[in-house]
Amino acid sequence: MLKVKPVSAERLPELLRCMPKAELHMHIEGSLEPELMFALGQRNGISMAYPDIDSLRRAYVFDNLQDFLDIYHAGTLVLRTEQDFYDMTHAYLARAAADNVLHAEIFFDTQTHTGHGVSVDVVINGLHRACIDAHAEFGMSASLILCFLRHLSEQEAFECLEQALPYRDKLVGVGLASSEMGHPPEKFARVFARARELGLRLVAHAGEEGPPAYIWSALDVLKVERIDHGVQAMKDPALMARLVQDRIPLTVCPLSNLKLRVFPNLAGHNLARMLDAGIVATVNSDDPAYFGGYINENFTQTFAALGLGAQHAYQLARNSFEASFIDEALKRQYIDRLAVTFETFE
Ligand code: ADE
Ligand code: ZN
């Protein structure tokens, strides 16, 4: 591991902003800013539940995950055409590129949209075209992870996977999102087994609000390669030992955890303790339009609150590339660029 030079507290935010990084946990529907939401609503002749952008933003106060999911689902109603999905994804990728994200793995779901009468091809083709264009426009790579909604049934998840099969080559993997409590990973054991047979990479949200037992079953029953959130793992020393030993990455989202009241404040977040314990943690934005910041804000605010330094920054950025689903050659290229940034930063 590169031993990095210390960087002053004044210069650290600049280093965090300019360092190359990968984002591995963000829901594209959660990047829909109120401005674009209102523009799409107008374009599609959909009346909005809030009279203006400011009153919508004022509604972004949440007590827990479910509170947020209710507002988030209402926001998706404006998405109707392939161009809408393209515009939303292009806006996120432009924003991510400005934050020096070299690679993004984007979560999306189709069940929300098919529930509104929008077909799977509209969703996937819009997202995929934006990922292709981002490569040409911003020089970044991006791939798509289809999330099943865990509050819906196993049967519905199977139908979702079936409908996505014609677009298999546009997906890197599958995940599991939405209301965690009462919907343990094992509910989707057979769907994940099928996705695995199809050669899809596997991830799942677990231990965001739910207990360590959900992380165990995501690993042992679903056989996922990464855990999304996973912050409740610290309650279980045997689980921590497993995550460290098997180098299972956790995609941590500090501002999300703050806004959904998983931790009372950022200073109380367990990211620093996770890194100290040897966990392969990464920093991500989850739903940046709702939680008050894109990936660089997650880095700068969390580093300030926890007193983290340049060595942690390098570790987290390196982890993000190591934990990604890109091929080894590209991984090495990105990690080399990361090293150059740290070696030349003054
Ligand atoms: N969908 C969008 N954001 C989510 C989160 N933080 N947890 C679970 N499902 C989500
Ligand atoms: Zn998430």
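A residue counts as buried here when its relative accessible area is under 20%. Keep that in mind as you click around this predicted model.

**Stop one: the zinc ion.** Select ligand 2, the zinc ion, and show what holds it. You'll find His-25, His-27 and His-205, each through NE2, plus Asp-286 through OD, at 2.0 to 2.3 Å. Along the chain, these donors follow the spacing H-x1-H-x177-H-x80-D. Now colour two of them: His-27 sits in strand E1 (residues 21–27) and His-205 in strand E5 (residues 201–206), so this pair, 178 residues apart, links distant parts of the chain. Both His-27 and His-205 are buried.

**Stop two: ligand 1.** Next, select ligand 1 and bring up its surroundings. Among the residues around ligand 1 are Leu-65, Phe-68, Leu-69, Tyr-72 and Glu-208, along with His-27, His-205 and Asp-286 from the previous stop. Then do His-27, where a polar side-chain atom lies 3.4 Å from a ligand nitrogen, and His-229, where a side-chain N or O atom is 3.5 Å from one. On its own, ligand 1 exposes 260 Å², and the protein buries 98% of that.

**Stop three: Ala-98.** Finally, jump to helix H5 (residues 82–98), where you'll find Ala-98. Is Ala-98 buried or exposed? Ala-98 is exposed, because its relative accessible area of 56% is over the 50% cut-off. Select Arg-17 too: the C-alpha atoms of Ala-98 and Arg-17 are 8.9 Å apart, though the two residues are 81 apart in sequence.

Methods
Residues are numbered from 1 along each chain as its sequence is written. Chains are lettered from A and ligands numbered from 1 in the order in which they are written. This is a predicted model: local features need pLDDT of at least 70, side-chain atom pairs count only at pLDDT 80 or more; totals for chains, interfaces and linings use all residues. Side-chain values use heavy atoms; hydrogens and water are left out. Donors are N, O and S atoms within 2.8 Å of the metal (3.2 Å for Na, K and Ca); water is not among the atoms, so sites may look incomplete. Helices (H or I, at least four residues) and strands (E, at least two) are DSSP runs, numbered from the N terminus. Buried means under 20% relative accessible area, exposed over 50%, partly exposed in between (1.4 Å probe, protein chains only). A residue is near a molecule or strand if one of its heavy atoms lies within 4 Å of it. A polar contact is a pair of N or O atoms within 3.5 Å; within protein, one must be able to donate a hydrogen and the other to accept it, and residues adjacent in sequence count only if both atoms are side-chain atoms. Accessible areas come from the Shrake-Rupley method with a 1.4 Å probe; for residues, only the protein chains shown count as cover.
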